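Visitor: I'd like a close look at one part of this protein. Could you bring it up and walk me through it?

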Amino acid sequence: MTTPAIEFKKVFFRYESQWILKNVSFEIAPCDFVTVTGRNGGGKSTLLHLILGLYQPNAGNVRIFGLPPLQKHKKIGYVPQDVNTNKNFPITVRDVVQMGRLRLPRDEKIIDETLETVGMENYAREKISDLSQGQRQRVLIARSLVMQPKILVLDEPAASIDAEGQKNLSAVLERIKGTMTVLVVSHDLELLSGYTTRMMCVDQTVHFHSTTVIPALEKIEGSCTIEKLENRLGG
């Protein structure tokens with residue numbers, strides 16, 4: 001039996017007296033591409049933090065390839081939502097990508113191949129501050145990919161990027177799908193519809209759906225909730 005890439009078993013998590021996640025259990029297989037959606041405050045960010053090992057559950061277990069997240073943190077690449085952080089810092093694209101291997105042997109070939117994967121090989125010597133928002137997003141993806149993770153977690157990668165940036169992001173997703181487990185938090189379901197193997201709706205608990213629900217989700221007004229989704233699907 002294949003060990004799940006990500007596994008939650010009866011996980012509960014709360015901030016002070018407020019429960020954010022209740023009795024969450026699921027498995028994500030190696031090389032699955034899962035899109036995570038849900039209302040703001042429904043628990044999406046908490047779910048990511050538990051996977052990354054930044055939070056510990058109040059009850060239940062989180063496992064990454066069968067082990068606690070902190071024992072597998074080198075196998076998880078994380079791309080945050082805010083690509084504007086320290087964008088004016090005087091550092092080149094190649095330097096940013098190299099940061100992904102700070103605790104790993106320096107390998108120029110891997111860096112070159114990763115820059116090519118995200119379509120940024122011609123910008124290696126450019127300053128990160130001179131890039132567009134979409135280009136900076138691809139550089140941050142490269143910084144995670146260069147560590148050769150088994151799981152890649154992306155938080156709203158399409159937020160605040162233009163149509164050209166979305167096209168380039170799609171090309172990156174096309175190249176990496178099937179090579180590792182990918183977990184993407186996004187409300188841009190149309191962009192991800194060609195890559196997603198399963199949809200995860202988070203609203204204190206977690207429900208999985210096939211990609212056939214994407215048209216229904218796109219018609220839901222406001223942020224997705226379990227109740228809205230099930231009403232749209234007729235139960």
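Which element gives the largest share of the lining of the largest pocket?

Guide: That would be β5, which supplies 3 residues to the lining. Before going on, a word on the model: it's predicted, so local features need pLDDT of at least 70 and side-chain atom pairs count only at pLDDT 80 or more, while totals for chains, interfaces and linings use all residues. Residues are numbered from 1 along each chain as its sequence is written, and side-chain values use heavy atoms, with hydrogens and water left out.

Back to the pocket. Here "pocket" means an open set of points on a 1 Å grid over the protein atoms alone, where a 1.4 Å probe fits and there is protein on both sides within 12 Å along at least five of seven lines; lining residues have an atom within 4 Å of a point. The largest pocket has a volume of about 500 Å³, a volume being the space filled by probe spheres set on the points, which are joined across faces, edges and corners. Its lining takes in 17 residues, and His73, Lys74, Ile76, Gly100 and Met147 are the ones nearest the centre. Two elements each give two or more residues to that lining: β5 (76-79) and α4 (133-145). Those names come from DSSP runs numbered from the N terminus, with helices being H or I of at least four residues and strands E of at least two. Sorted by class, the lining has 9 nonpolar, 4 polar and 4 charged residues. For that count, Ala, Val, Leu, Ile, Met, Phe, Trp, Tyr, Cys and Pro are nonpolar, Asp, Glu, Lys and Arg are charged, and the others, Gly among them, are polar.

The whole structure has 7 salt bridges, each a side-chain nitrogen of Lys or Arg within 4 Å of a carboxyl oxygen of Asp or Glu. One of them joins arginine 94 to glutamate 108, at 2.6 Å from N to O. That pair links distant parts of the chain, 14 residues apart, with arginine 94 in helix α2 (residues 93-98) and glutamate 108 in helix α3 (residues 108-117). Both belong to a salt-bridge network that also includes Arg106 and Asp112.

Another bridge pairs glutamate 7 with lysine 9, the closest N and O atoms being 3.8 Å apart. Glutamate 7 sits in strand β1 (residues 6-15) and counts as buried because its relative accessibility is 14%, whereas lysine 9 is partly exposed at 47%. The cut-offs are under 20% for buried, over 50% for exposed and partly exposed in between, using a 1.4 Å probe and protein chains only.
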